[in-house]
Every structure is written in structure tokens, then in C-alpha cells.
Amino acid sequence: MESSLSTWPWDYLGSFKYLLYGPFIAKWFYSRSQEENNMKEATWCFHILIICLLRCTIHSVWNTFSNMLFLTRNRRIIKEGVDFKQVDNEWDWDNFILLQAMIGSLGFYMLQDQINLPLWDFRGFLAIIILHITISEPLYYFLHKCFHGNYLFNNYHSLHHSSPVPQPFTAGHATFFEHIILGGIIGIPILGSCLLGYGSLTMIYGYVLIFDWLRCLGHCNFEIISHQLFEAIPFLKYLIYTPTYHSLHHTEKETNYCLFMPIFDVLGDTLNPKSWEMHTKLSIESGKNGRVPDFVFLAHVVDMTSAMHAPFLFRSFASTPFCTRLFLLPFLPLVFVFMFVMWAYSKVFLATFYNLRGRLHQTWVVPRFGFQYFLPFAAEGINNQIEQAILRADKLGVKVISLAALNKNEALNGGGTLFVNKHPNLKVRVVHGNTLTAAVILKEIPENVSEVFLTGATSKLGRVIALYLCRRQVRVLVSISQFLFRSFQFM
């Protein structure tokens, strides 16, 4: 049986939950069409919608940045990748934004006569910082520690810790009850500053967006803050946490409970003793290459539409079967511009990785789109990109690099023979799908076989197998057929 307030009231709506923003839009349009005294309500609904949009943007941009492995691979804290189960569990990460929009609108209607918000008031920034440090930070620390007690953790907070690899979207992945409390923690400094008469629109925007920015920072899973900053200003490490600091809370759970300021863990004697040492180590080693992959799959961008489904752009799209979505079509001109930027400046980059049977596999991408492979004047540049990727893999100590799709085009580079002939001393094995398939088949043939009956020998794969077997002094009997079966039987 589910605990009270553990599930979201609109879970059953699925994607239709976004219709709940409809009343804000309707109220905005309706109030604008009425008398002047209703403009305050229209303006407030407009600001709530804009803040919600900006909050979603902050989380999405952070998620994009943290999954740009070509920038963050050597700074990653937890080395494992994000699996589809975690993506599914965090699918509704933005529920809290909708909830806090409702809380914000409720607060406005209750106190609209007592609160007047100018665009700017410097005193409001001082007030909200003081209220945050003296109320929100210690309150969050105390409640967070309580949520790690047996009952609250098992029934509520364990959902947040169910994500094995922290991501910016993990920041919003929690129960309805927890986000009601978090909404109160955010609301206290805002409400307090407004009731003191120091509130302003800039203060509200700034506090909410910085709050989300810091939450994403703590869950991004790569170290972005240099240890040199804390060496130059030692006390600063007690005022701002780091991704390493919060990742230790996710892995060990019984330490580092603070919201953003580690000084409360120091005062509460819950500071993980490895926090600073681990942060320094990760920061120093960020300039070094990480683990060398055993296998590299060298792919390329397929087309304009599929480019928008890259994992570091739209994680939700990348985790579902590909299909063309009409609302993405207006972004095609932007992708077209990026295509030219990649053509002019970009090099082969790391896109994804996975571990299989203890071996690290990486996917590198040649920054070229499929149609460019058929442009005669682009061939030399593409081959240069592939060659540099092969030489880089060889220098790193990669065992195998596989040329995928059009990277192995016979007309382009002879299926990779151009590079193998040009660099005869390569240690890395340059292969592609056909050569790998041939290798698997040949590996299955026992050493003592002297005769093989082969069908489909007129295919490219069949010819390779037949010629190799002949070199091994194996007699090859060939059956020519209109169907190119890639099979064999032992004689």
C-alpha cells in the first residue's frame, strides 16, 4: 500500500498534466481583457508561466551539459551510465514545477492586497539571503536528516535515492509530500521578504532560478568547481557545496545532508570526511584521460531530424523509438546552422558509452551528416576526420575501432583499407560490420576442418570468407544461388 501523499495527484493524466497550466494562461488572457484593476492578476499569471518555463530550461540545459561526454567524461564522479530504467523513473521530473506554480498562485491570491512588487529593490536581496541562511538552510538540513530515518526514508525519500547516477533531472525526482515541504522551504524567504516590504520581481526571479541552478549543480555528476578556488578562499568550501560533495550523500546516504551550505553539516557533525579530499582528487585528475575504451564504434550523424534526438539534447526522445515529431520541425533551421558550424570547426567527439562484460565500449561520432558523404568535395575532409579518429584510438591504446554506416563506404575509403595501408604499424584493429561478421564465422569453424561447403559466396562477405579459408588450405565448395545466404555447413 502506498504511503499518504507519496504519489502525485495528476499521475493518471500522463502528458495531459500540462493542461493544468491552462488556467494560468486563461486567467492571463481574461484579466488582460478586463478593467485596469485586473491587470495585477494578469501580470502575476504571466510571471508564473515565465518562471516555470525558465525553470524547465535551467534543468534541461544542465542535463544537456552534464551529458556532453566530450566535455565532461574526465570530470565524471560516478562513472556508470544512466540506464533506461532511471530515465523511465525520472520521466515526470518536472512535476514539482507545476506544484510550486500552484503554491505560488495560491500565495498571491491570499496576500495580493498586502504585497506590492516593484521591479527592483536592493533591500529585498539582502533580506532574502538572510532569511535563506537563517531559516531555509537549517530547516532543510533538519528535515532532510529526518527523511533519512527508517519510516520516512522507506516510504518517501528512497524514491529520490533510487536513481543510481545523479543527473540534473534527479533533483526533481521525489514524492509529492517532499516537494510540498521543499515548496515551503523556497517560499519562506520569498514570502518573508515581501511581507517586510522589500520584495521585488527581480528578487523572486533571481532566488527561484538560482535555487534551481544550485540544485542542478549538486546533481550534475561531474565536478565543475576547481579545488584551486577553495585553496584561494578556504572558508568558501563551507558556504557552497560541490557536485562531489552531494554525490557522496547519494552514495553513502548518512552524511552531507545540507541544502547548499556544508557549514550546517559541520555544525551537525554529519560532514563526510572524504568530501574535500575526493573533490581535490577529481579536480586535479580532470585534465587527464580516463579509462581507455576497449572498443570504439565510429558513427556519424544520420540526418537533421535524428540529430535532435541525441541523448545530450533530448534525453526523453533518445530513450524512445525514433519518430518525427512535428513540434521539432521549427528547430530544423537551427540544426542547419549547427551543421555548418560542425563542418567548419568540430572534430570527432564522444557521444555515448556502455559497459559489456567488464569492457568499456564508446561511440564516437564524425561531425558530418549522411548526405555529406555523397558530396565529392567533402570526401577528403571526412576521410581526414576518420583518420584522426583512428590515430587517436591507436594512441590511447584502444583495441578495436569499428567503422559504422557510411564511414566504411567502399567508394570513400575502400572499407577502411585506405587507412590501414597508409598506417601499416597500427596497433588498433580497424574493422567494420562485414569484417566482424566474417571474423565471428571463421572463429566458429574448427581448426581441423579441411573442407567447407559455402553458399552465398558471391556476396562481399561470402567472398572474404572463401578467400580466407583458401589461404588456410581449406577446400571451399561453393554453391552459386540467386539468394545470397550467409551460412555454411561443415563437411
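1. Contacts of Ser-105. Setting aside neighbours within four places in sequence, Ser-105 is in contact with Phe-24, Trp-44 and Ile-48 in this predicted model. Ser-105 itself belongs to helix H5, which spans residues 95-111.

2. Burial of Ser-105. Is Ser-105 buried or exposed? Its relative accessible area is 12%. The cut-off for buried is under 20%. Ser-105 therefore counts as buried.

3. The largest nonpolar core. This core has 52 residues. The residues with the most contacts inside it are Tyr-21, Trp-62, Ile-190, Ile-204, Phe-211 and Phe-260. Which helices each supply at least two residues of this core? They are H2 (39-66), H5, H6 (122-146), H8 (176-195) and H9 (201-219). H9 gives the most, with ten residues.

4. Around Phe-211. Phe-211 is one of the residues with the most contacts inside the largest core. Neighbours within four places in sequence aside, its contacts are His-132, Leu-182, Ile-186, Leu-259 and Phe-260. Phe-260 is also on the list of residues with the most contacts in that core.

5. A separate core. Another nonpolar core lies apart from the largest one. It has 24 residues, including Phe-353, Ala-389, Val-398 and Leu-403.

6. Domains. How is the chain divided? Domain 1 covers 11-286, domain 2 covers 295-432 and domain 3 covers 444-479. Between domain 2 and domain 3, the C-alpha centres are 32 Å apart.

Definitions and conventions: Residues are numbered from 1 along each chain as its sequence is written. This is a predicted model: local features need pLDDT of at least 70, side-chain atom pairs count only at pLDDT 80 or more; totals for chains, interfaces and linings use all residues. Side-chain values use heavy atoms; hydrogens and water are left out. Helices (H or I, at least four residues) and strands (E, at least two) are DSSP runs, numbered from the N terminus. Buried means under 20% relative accessible area, exposed over 50%, partly exposed in between (1.4 Å probe, protein chains only). Contact means heavy atoms within 4.5 Å. A nonpolar core is a set of buried Ala, Val, Leu, Ile, Met, Phe, Trp, Tyr and Cys residues joined through side-chain atoms within 4.5 Å. Domain bounds come from an automatic or database domain assignment.
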